[in-house]
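Subject: Structure handover

Hello,

The structure we spoke about is below, with its sequence. My notes on what was found in it follow.

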Amino acid sequence: MRKKIGFIGVGNMGSAMLKGILGAGLASKDEVIASCRSEQSQKRVSDALGITVTLDNKAAADADVVFIAVKPAQLDEVASQIRETVKDGQLVISVAAGYDLEKLHFALGADTHIIRTMPNTPAMVGEAMSALCTDRLVTDEEKEKALELFNSFGKAEFVDEKLMDAVTGVSGSSPAFIYMIIEAMADAAVAEGMSRKQAYVFAAQSVLGSAKMVLDTGRHPGELKDAVTSPAGTTIEGVAALENDGMRAAIIDAVRTAAQKSREMSSK
(Lines give C-alpha, C1' and ligand atoms only; values in the text may rest on other atoms or scores of the structure.)
Protein backbone atom coordinates (compact mmCIF):
# COMPACT_ATOMS: atom_id res chain seq x y z
CA MET A 1 0.00 0.00 0.00
CA ARG A 2 1.35 3.40 -0.99
CA LYS A 3 2.37 5.68 1.87
CA LYS A 4 0.55 8.97 2.29
CA ILE A 5 3.69 11.13 2.59
CA GLY A 6 7.26 10.51 1.46
CA PHE A 7 10.29 12.60 2.41
CA ILE A 8 13.53 12.44 0.48
CA GLY A 9 16.00 14.15 2.79
CA VAL A 10 15.45 14.44 6.53
CA GLY A 11 18.08 16.89 7.71
CA ASN A 12 17.22 19.76 10.03
CA MET A 13 14.61 21.25 7.70
CA GLY A 14 13.03 17.98 6.63
CA SER A 15 12.87 16.71 10.21
CA ALA A 16 11.29 19.97 11.39
CA MET A 17 8.65 19.82 8.68
CA LEU A 18 7.86 16.19 9.46
CA LYS A 19 7.57 16.95 13.17
CA GLY A 20 4.97 19.62 12.42
CA ILE A 21 3.01 17.41 10.04
CA LEU A 22 2.93 14.52 12.49
CA GLY A 23 2.16 16.80 15.44
CA ALA A 24 -0.83 18.28 13.62
CA GLY A 25 -2.20 14.82 12.92
CA LEU A 26 -2.08 15.30 9.15
CA ALA A 27 -0.51 11.87 8.82
CA SER A 28 0.12 9.03 11.21
CA LYS A 29 3.61 7.63 11.70
CA ASP A 30 2.78 4.51 9.68
CA GLU A 31 1.61 6.66 6.76
CA VAL A 32 5.03 8.31 6.37
CA ILE A 33 8.23 7.04 4.80
CA ALA A 34 11.50 8.95 4.57
CA SER A 35 14.85 8.33 2.93
CA CYS A 36 18.31 9.52 3.89
CA ARG A 37 21.91 9.00 2.82
CA SER A 38 23.48 7.13 5.76
CA GLU A 39 22.62 4.44 8.29
CA GLN A 40 23.51 6.86 11.07
CA SER A 41 20.90 9.36 9.86
CA GLN A 42 18.46 6.52 9.29
CA LYS A 43 18.64 5.48 12.94
CA ARG A 44 18.58 9.07 14.23
CA VAL A 45 15.41 9.99 12.34
CA SER A 46 13.69 6.68 13.01
CA ASP A 47 14.34 6.96 16.75
CA ALA A 48 13.33 10.63 16.88
CA LEU A 49 10.14 10.47 14.83
CA GLY A 50 9.09 6.82 14.96
CA ILE A 51 8.62 6.58 11.19
CA THR A 52 9.91 4.20 8.53
CA VAL A 53 13.26 5.41 7.21
CA THR A 54 15.01 3.84 4.24
CA LEU A 55 18.21 4.39 2.28
CA ASP A 56 16.23 3.96 -0.96
CA ASN A 57 14.98 7.23 -2.47
CA LYS A 58 12.69 5.31 -4.82
CA ALA A 59 10.81 3.84 -1.87
CA ALA A 60 10.24 7.30 -0.40
CA ALA A 61 9.11 8.58 -3.81
CA ASP A 62 6.31 6.02 -3.97
CA ALA A 63 3.91 8.12 -1.89
CA ASP A 64 0.88 10.32 -2.54
CA VAL A 65 2.83 13.47 -1.64
CA VAL A 66 6.59 13.42 -2.11
CA PHE A 67 8.78 16.07 -0.47
CA ILE A 68 12.24 16.60 -1.93
CA ALA A 69 14.13 18.22 0.93
CA VAL A 70 17.72 17.77 -0.19
CA LYS A 71 20.43 20.34 -0.80
CA PRO A 72 20.41 21.87 -4.30
CA ALA A 73 23.64 20.08 -5.25
CA GLN A 74 21.92 16.73 -4.65
CA LEU A 75 18.69 17.39 -6.54
CA ASP A 76 19.80 16.26 -10.01
CA GLU A 77 21.06 12.95 -8.60
CA VAL A 78 17.83 12.39 -6.68
CA ALA A 79 15.71 13.35 -9.69
CA SER A 80 17.51 10.81 -11.88
CA GLN A 81 16.77 8.10 -9.30
CA ILE A 82 13.06 8.81 -8.87
CA ARG A 83 11.98 10.22 -12.24
CA GLU A 84 10.55 6.90 -13.39
CA THR A 85 8.98 6.26 -9.98
CA VAL A 86 6.79 9.37 -9.97
CA LYS A 87 3.32 8.42 -11.21
CA ASP A 88 0.06 10.07 -12.16
CA GLY A 89 -1.83 11.32 -9.14
CA GLN A 90 1.30 12.14 -7.14
CA LEU A 91 2.27 15.60 -5.94
CA VAL A 92 5.96 16.51 -5.67
CA ILE A 93 6.93 19.33 -3.32
CA SER A 94 10.46 20.70 -3.71
CA VAL A 95 12.31 22.50 -0.91
CA ALA A 96 15.56 22.80 -2.91
CA ALA A 97 16.71 26.41 -3.29
CA GLY A 98 17.70 27.70 -6.71
CA TYR A 99 15.52 25.28 -8.69
CA ASP A 100 12.64 27.02 -10.41
CA LEU A 101 9.61 25.20 -11.81
CA GLU A 102 11.14 24.98 -15.28
CA LYS A 103 14.25 23.22 -13.94
CA LEU A 104 12.15 20.96 -11.72
CA HIS A 105 9.98 19.89 -14.65
CA PHE A 106 13.09 19.25 -16.73
CA ALA A 107 14.46 17.03 -13.97
CA LEU A 108 11.24 15.25 -12.96
CA GLY A 109 9.06 15.28 -16.06
CA ALA A 110 6.95 17.82 -17.92
CA ASP A 111 3.65 16.41 -16.66
CA THR A 112 4.65 16.03 -13.01
CA HIS A 113 2.55 18.00 -10.53
CA ILE A 114 5.15 20.11 -8.74
CA ILE A 115 5.01 22.79 -6.04
CA ARG A 116 8.17 24.79 -5.43
CA THR A 117 8.56 26.00 -1.85
CA MET A 118 10.83 28.00 0.40
CA PRO A 119 10.34 27.55 4.16
CA ASN A 120 12.80 29.15 6.57
CA THR A 121 14.72 27.79 9.55
CA PRO A 122 12.17 28.81 12.24
CA ALA A 123 10.36 25.68 11.03
CA MET A 124 12.49 24.00 13.70
CA VAL A 125 10.38 25.70 16.38
CA GLY A 126 7.09 25.53 14.48
CA GLU A 127 7.23 29.16 13.31
CA ALA A 128 8.32 28.97 9.67
CA MET A 129 7.32 31.45 7.02
CA SER A 130 6.94 29.44 3.84
CA ALA A 131 6.35 30.60 0.28
CA LEU A 132 4.83 28.23 -2.27
CA CYS A 133 4.43 28.59 -6.02
CA THR A 134 3.26 26.34 -8.82
CA ASP A 135 1.83 26.23 -12.33
CA ARG A 136 -1.42 25.29 -14.01
CA LEU A 137 -0.86 21.52 -13.66
CA VAL A 138 -1.44 21.57 -9.90
CA THR A 139 -5.10 21.47 -8.86
CA ASP A 140 -6.79 23.70 -6.30
CA GLU A 141 -7.22 20.64 -4.08
CA GLU A 142 -3.48 19.95 -4.22
CA LYS A 143 -2.74 23.59 -3.38
CA GLU A 144 -5.05 23.43 -0.35
CA LYS A 145 -3.38 20.22 0.80
CA ALA A 146 0.08 21.78 0.48
CA LEU A 147 -0.99 24.84 2.49
CA GLU A 148 -2.40 22.59 5.20
CA LEU A 149 0.89 20.69 5.43
CA PHE A 150 3.06 23.82 5.53
CA ASN A 151 0.80 25.63 8.00
CA SER A 152 1.44 22.76 10.43
CA PHE A 153 4.92 24.17 11.14
CA GLY A 154 4.30 27.90 10.76
CA LYS A 155 2.59 30.14 8.22
CA ALA A 156 2.45 29.62 4.47
CA GLU A 157 1.21 31.51 1.43
CA PHE A 158 1.25 31.03 -2.33
CA VAL A 159 3.11 33.69 -4.32
CA ASP A 160 3.89 34.21 -8.00
CA GLU A 161 7.14 32.46 -8.87
CA LYS A 162 8.67 35.78 -9.92
CA LEU A 163 8.52 36.81 -6.23
CA MET A 164 10.58 33.87 -4.93
CA ASP A 165 13.80 35.91 -5.01
CA ALA A 166 12.08 38.58 -2.89
CA VAL A 167 10.96 35.80 -0.55
CA THR A 168 14.59 34.73 -0.18
CA GLY A 169 15.46 38.19 1.15
CA VAL A 170 12.45 38.93 3.31
CA SER A 171 12.02 35.51 4.96
CA GLY A 172 14.58 32.98 3.73
CA SER A 173 17.73 34.89 4.69
CA SER A 174 16.26 37.37 7.18
CA PRO A 175 16.41 35.15 10.29
CA ALA A 176 20.18 35.72 10.19
CA PHE A 177 19.59 39.48 10.10
CA ILE A 178 17.21 39.28 13.07
CA TYR A 179 19.74 37.20 15.04
CA MET A 180 22.29 39.95 14.44
CA ILE A 181 19.81 42.54 15.72
CA ILE A 182 19.11 40.46 18.83
CA GLU A 183 22.84 40.01 19.43
CA ALA A 184 23.47 43.75 19.05
CA MET A 185 20.62 44.63 21.43
CA ALA A 186 22.00 42.16 23.97
CA ASP A 187 25.52 43.58 23.59
CA ALA A 188 24.17 47.02 24.44
CA ALA A 189 22.31 45.65 27.47
CA VAL A 190 25.50 43.95 28.66
CA ALA A 191 27.33 47.25 28.27
CA GLU A 192 24.66 48.74 30.54
CA GLY A 193 25.30 46.10 33.20
CA MET A 194 22.89 43.25 32.39
CA SER A 195 24.13 39.65 32.35
CA ARG A 196 24.66 38.11 28.92
CA LYS A 197 22.12 35.32 29.50
CA GLN A 198 19.43 37.70 30.70
CA ALA A 199 20.16 40.20 27.93
CA TYR A 200 19.47 37.57 25.24
CA VAL A 201 16.14 36.69 26.87
CA PHE A 202 15.04 40.33 27.06
CA ALA A 203 16.12 41.07 23.48
CA ALA A 204 14.69 37.90 21.91
CA GLN A 205 11.36 38.12 23.73
CA SER A 206 11.00 41.76 22.70
CA VAL A 207 11.51 40.81 19.05
CA LEU A 208 9.05 37.91 19.39
CA GLY A 209 6.42 40.07 21.05
CA SER A 210 6.82 42.89 18.53
CA ALA A 211 6.41 40.49 15.61
CA LYS A 212 3.30 39.00 17.21
CA MET A 213 1.85 42.50 17.62
CA VAL A 214 2.20 43.10 13.87
CA LEU A 215 0.63 39.75 12.96
CA ASP A 216 -2.15 39.71 15.55
CA THR A 217 -3.29 43.34 15.35
CA GLY A 218 -2.88 43.85 11.61
CA ARG A 219 -1.72 47.38 12.34
CA HIS A 220 1.00 49.05 10.28
CA PRO A 221 4.48 48.66 11.86
CA GLY A 222 4.90 52.45 11.70
CA GLU A 223 1.69 52.93 13.67
CA LEU A 224 2.86 50.48 16.32
CA LYS A 225 6.22 52.25 16.47
CA ASP A 226 4.51 55.60 16.96
CA ALA A 227 2.48 54.16 19.85
CA VAL A 228 5.72 53.45 21.74
CA THR A 229 7.41 56.79 21.06
CA SER A 230 6.24 59.26 23.71
CA PRO A 231 7.09 62.97 23.18
CA ALA A 232 10.59 63.78 24.50
CA GLY A 233 10.89 60.17 25.72
CA THR A 234 13.55 57.50 25.60
CA THR A 235 12.22 55.62 22.57
CA ILE A 236 12.18 58.55 20.17
CA GLU A 237 15.80 59.25 21.07
CA GLY A 238 16.67 55.67 20.19
CA VAL A 239 14.65 55.86 16.96
CA ALA A 240 16.50 59.04 16.01
CA ALA A 241 19.84 57.30 16.65
CA LEU A 242 18.83 54.39 14.40
CA GLU A 243 17.81 56.76 11.62
CA ASN A 244 21.05 58.69 12.00
CA ASP A 245 23.06 55.45 11.76
CA GLY A 246 21.19 54.30 8.64
CA MET A 247 19.49 51.25 10.15
CA ARG A 248 16.51 51.34 7.76
CA ALA A 249 18.73 51.67 4.68
CA ALA A 250 21.02 48.88 5.91
CA ILE A 251 18.12 46.44 6.36
CA ILE A 252 16.68 47.30 2.94
CA ASP A 253 20.10 46.77 1.39
CA ALA A 254 20.57 43.43 3.15
CA VAL A 255 17.20 42.06 1.97
CA ARG A 256 17.69 43.25 -1.60
CA THR A 257 21.27 41.94 -1.72
CA ALA A 258 20.06 38.48 -0.64
CA ALA A 259 17.31 38.63 -3.26
CA GLN A 260 19.82 39.53 -5.96
CA LYS A 261 22.09 36.64 -4.95
CA SER A 262 19.08 34.32 -5.21
CA ARG A 263 18.37 35.69 -8.68
CA GLU A 264 21.94 34.98 -9.74
CA MET A 265 21.86 31.45 -8.34
CA SER A 266 18.59 30.64 -10.12
CA SER A 267 19.95 31.83 -13.48
CA LYS A 268 22.85 29.36 -13.48
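Predicted model: local features only at pLDDT ≥ 70, side-chain atom pairs only at ≥ 80, totals over all residues.

Ile33 sits opposite Thr52 of strand E3. Strands E2 and E3 are joined in the parallel sense by 3 bridges. Between them the chain passes through helix H2, and this β-α-β crossover is right-handed.

On its other pairing, E2 runs parallel to E1, with 4 bridges joining the two. Val32 in E2 is the bridge partner of Ile5. E1, H1 and E2 also form a right-handed β-α-β unit. E2 is covered on both faces: Val32 and Ala34 are buried on one side, Ile33 and Ser35 on the other.

The sheet as a whole is open and has 8 strands, in the order E3-E2-E1-E4-E5-E6-E7-E8, with mixed pairing. Strand E3 (52-54) and strand E8 (154-158) are the edges, each pairing on one side only. From one strand to the next, the twist averages 20 degrees.

Further along the sheet, E1 pairs with E4 in the parallel sense over 5 bridges, and Phe7 stands opposite Phe67 in E4. H1 lies across E1, E2 and E4, at about 160 degrees to E1. Helix H4 (residues 72-82) packs on the sheet and touches E1, E4 and E5, and its direction makes about 160 degrees with that of E4.

The largest nonpolar core has 33 residues, of which Phe7, Ile21, Ile51 and Phe67 touch the most other members. Elements that each supply at least two residues of this core include strand E1 (3-8), helix H1 (12-23), strand E4 (63-68) and helix H6 (140-150). H1 gives the most, with 5 residues. Setting aside neighbours within four places in sequence, Ile21 is in contact with Ile5, Phe7, Leu26, Ala27, Phe67, Leu149, Ser152 and Phe153. There is also a second, separate core of 25 residues, and among them are Val92, Ala131, Met164 and Val167.

Last, helix H6. Which residues of H6 are buried? They are Glu142, Ala146, Leu149 and Phe150. These lie on the same side of H6 because they cover an arc of only 90 degrees around the axis. Asp140, Glu141 and Glu144, on the other side of H6, are exposed.

Regards

Technical notes
Residues numbered from 1 in each chain as written. Heavy atoms only, no water. Core = buried A, V, L, I, M, F, W, Y, C linked by side-chain atoms within 4.5 Å. Buried < 20%, exposed > 50% of the residue type's maximum accessible area, 1.4 Å probe, protein only. Contact = heavy atoms within 4.5 Å. Pairing = 2+ DSSP bridges. Axes fitted to C-alpha atoms, helices over the stretch in contact; angles between N-to-C directions. Arc of directions from axis to C-beta. Right-handed = clockwise from strand over helix to strand, strands pointing away.
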